Amino acid sequence: MTSNNCILQKVPANMTHHLQPLDVSINGLANQFMRNKYEDWYAENIVCQLNGGVSSDNVKVDTRLTVIREVHARWINELFLYLKGRPDDVRKGFEKSGITDAYRSDFELDENPFADLL
């Protein structure tokens with residue numbers, strides 16, 4: 001870790017939402033993004049069935065892992081691209097956490113680590 005200029009620090013229990021940069025800034029954005037994707041997907045499935053003539057009493061959305069796995073992988077990829085376009089939010093997380101010295105403004109992740117999921 002030290003060879004990568006990483007300094008380990010213990011975070012007191014129940015304090016990560018104040019002290020860890022991603023908890024402070026990015027996790028909320030990511031959760032909301034994924035929630036919106038799921039809600040849109042779910043609603044789209046209902047509308048598709050209703051438009052196909054299924055009565056509202058018989059609408060069922062299949063949420064088994066085998067069904068949702070592929071679409072979830074696509075959402076993860078979209079989430080990466082969404083967050084990559086919000087560097088100021090990442091920076092704010094470091095600032096709010098009080099560890100601005102650790103933030104490197106020249107750091108940029110060009111390669112999508114989730115691309116192979118698609």
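Buried means under 20% relative accessible area, exposed means over 50%, and partly exposed covers what lies in between. The close-ups below come from a predicted model.

**View 1. A salt bridge between Glu78 and Lys37.** The side chains of these two residues, Glu78 and Lys37, meet in a salt bridge, with a distance of 2.6 Å from N to O. Because Glu78 belongs to helix α3 (residues 65-84) while Lys37 belongs to helix α2 (residues 21-51), the pair ties together parts that are 41 residues apart in sequence. Glu78 has a relative accessibility of 25% and therefore counts as partly exposed, and Lys37, at 25%, counts as partly exposed as well.

**View 2. A salt bridge between Asp89 and Arg86.** In this pair, the closest N and O atoms of Arg86 and Asp89 are 2.5 Å apart. Asp89 has a relative accessibility of 16%, so this residue counts as buried, whereas Arg86 is partly exposed, with a relative accessible area of 27%.

**View 3. A salt bridge between Arg91 and Asp88 in helix α4.** Here the closest N and O atoms of Arg91 and Asp88 are 2.4 Å apart. Both residues lie in helix α4 (residues 87-97), where Arg91 and Asp88 are separated by 3 residues, about one turn of the helix. Arg91 is partly exposed, its relative accessible area being 27%, and Asp88 also counts as partly exposed, at 44% relative accessibility.

**All views. The pairs in context.** Side chains of opposite charge can pair when their charged atoms come close. With a salt bridge taken as a side-chain nitrogen of Lys or Arg within 4 Å of a carboxyl oxygen of Asp or Glu, the count comes to 4 salt bridges.

How values were computed
Residues numbered from 1 in each chain as written. Predicted model: local features only at pLDDT ≥ 70, side-chain atom pairs only at ≥ 80, totals over all residues. Heavy atoms only, no water. Helix = DSSP H or I, 4+ residues; strand = E, 2+ residues; numbered from the N terminus. Buried < 20%, exposed > 50% of the residue type's maximum accessible area, 1.4 Å probe, protein only.
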